[in-house]
Amino acid sequence: MLARTIKQALTFIRPECVQVTCSAGIKYFPPPKNYDHIEIPERPRLRMYEKVPLYPPNLKPPKMQKRLRYMRGPELLHNKLQLKQYGVIALGGGRMAHQHFEMARLVVARHLDMKRMYAIWRIDPPWQPVTKKGQGQRMGGGKGAIDHYVTPIKAGRVILEIAGKCEYKEAHRMLKIVAERLPFKAMAVSQEIMEKEAAKAKWKEENNQNPYTMKYIIQNNMGGCHKMLSPVDHKWHGKYL
């Protein structure tokens, strides 16, 4: 009965509308990566940083100006991954307070597999003092008291790194959460991503056919742009604020 029903149904289908796809063959899977050269340290988690820097008992904590030059421009030294695996880099300047350090440490500790992975800091603990006057005080009376300490960050600075016997997909989730919660623009990267971005930027610079770049415009004062630019724009040609 069932065969007769199928035969009757097939009589209403045109032969040119029937398509049969056969898929067969040997599936190729790449071999797993070798992680025998990686050694997991005794303390794989991010260590806790102090909220206030330690000074000698006979030294009064010094006050400091804002010094925006600590946050402007590109990072020229700590802009590459030491462990050659995964990390978080800053895309702009800013300042990290103690709560941002704790946020990153807790997120990494929650998602880190300590048997196969470990993390390290790439920035110093909070050291720059930020002063603030009490609410309701009048103007004047000297500089206010120290309220908290921060760490200034430049664009391109590596914030932290994740390494171990793991793939980028395993570390991407925690790195993305940390990057999205920082007080400045940041992104999760791997060594392959950084190499591709560097090669892409180099290719664009070598194959650029437009002679009127930002550097050329600023150097030649086209349109009288000097009166609208700051010394930072003259130095970095509009790339960094």
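Biologist: How many bridges join β1 to β6, and do these strands run parallel or antiparallel?

Modeller: Strands of a sheet pair through backbone hydrogen bonds, in either a parallel or an antiparallel sense. Here β1 and β6 are antiparallel and share four bridges. Two strands count as paired if DSSP finds at least two bridges between them. Strands (E, at least two residues) and helices (H or I, at least four residues) are DSSP runs, numbered from the N terminus.

Biologist: What should I know about the model before reading on?

Modeller: It is a predicted model, in which local features need pLDDT of at least 70 and side-chain atom pairs count only at pLDDT 80 or more, while totals for chains, interfaces and linings use all residues. Residues are numbered from 1 along each chain as its sequence is written, and side-chain values use heavy atoms, with hydrogens and water left out.

Biologist: In what order do the strands of the sheet lie, and which are the edge strands?

Modeller: The order is β3-β6-β1-β7, an open sheet of four strands with antiparallel pairing. β3 and β7 are the edge strands, each pairing on one side only. Ignoring direction, neighbouring strands are turned by 20° against each other on average. Such angles come from axes, which are lines fitted to C-alpha atoms (for helices, over the stretch in contact), and run from 0 to 180 degrees between N-to-C directions. α2 packs on this sheet, touching β3 and β6, and its direction makes about 170° with that of β3. Contact means heavy atoms within 4.5 Å.

Biologist: Which strand does β1 pair with over five bridges?

Modeller: That strand is β7, and the pairing is antiparallel. Tyrosine 86 stands opposite serine 190 there.

Biologist: How many residues of β1 are buried?

Modeller: Buried means under 20% relative accessible area, exposed means over 50%, and partly exposed lies in between (1.4 Å probe, protein chains only). In β1, five of the five residues are buried, so the strand is largely enclosed by the rest of the structure. Tyr86, Val88 and Ala90 point one way, while Gly87 and Ile89 point the other way.

Biologist: Which residues of the largest nonpolar core touch the most other members?

Modeller: In soluble globular proteins, nonpolar side chains tend to be buried together. A nonpolar core is a set of buried Ala, Val, Leu, Ile, Met, Phe, Trp, Tyr and Cys residues joined through side-chain atoms within 4.5 Å. The largest one here has 32 residues, and Ile159, Leu160, Ile162, Leu175 and Leu182 touch the most other members. Elements that give two or more residues to this core are β1 (86-90), α2 (98-111), β3 (117-121), β6 (158-164), α3 (168-181) and β7 (186-190). With seven residues, α3 gives the most. Another core, of five residues, lies apart from this one, and its members include Leu81, Ile89, Val189 and Met194.

Biologist: Where is α3 kinked, and what covers its buried residues?

Modeller: An α-helix has 3.6 residues a turn, so residues three or four places apart point the same way. The buried residues of α3 are Tyr168, Ala171, Met174, Leu175, Ile177, Val178 and Ala179. Their cover includes β1, α2, β3, β6, β7 and α4 (191-206). A kink of about 25° is centred on methionine 174; the bend at a residue is the angle between axes fitted to the seven residues ending there and the seven starting there.

Biologist: What do the buried residues of α2 pack against?

Modeller: They pack against β2 (94-97), β3, β5 (145-153), β6 and α3. Among them are His98, Phe101, Glu102, Arg105 and Val108.

Biologist: Where does glycine 93 lie, and which residues does it touch?

Modeller: Glycine 93 is in the loop between β1 and β2, and at 42% relative accessibility it counts as partly exposed. Leaving out residues up to four places away in sequence, glycine 93 touches Met71, Ile153, Lys154, Ala155 and Phe184. Its C-alpha is 8.7 Å from that of glycine 156, 63 residues apart along the chain.

Biologist: What is the phi of asparagine 221?

Modeller: It is positive, about 50°, although the residue is not a glycine. Asparagine 221 lies in the loop between α5 (214-219) and α6 (231-236).
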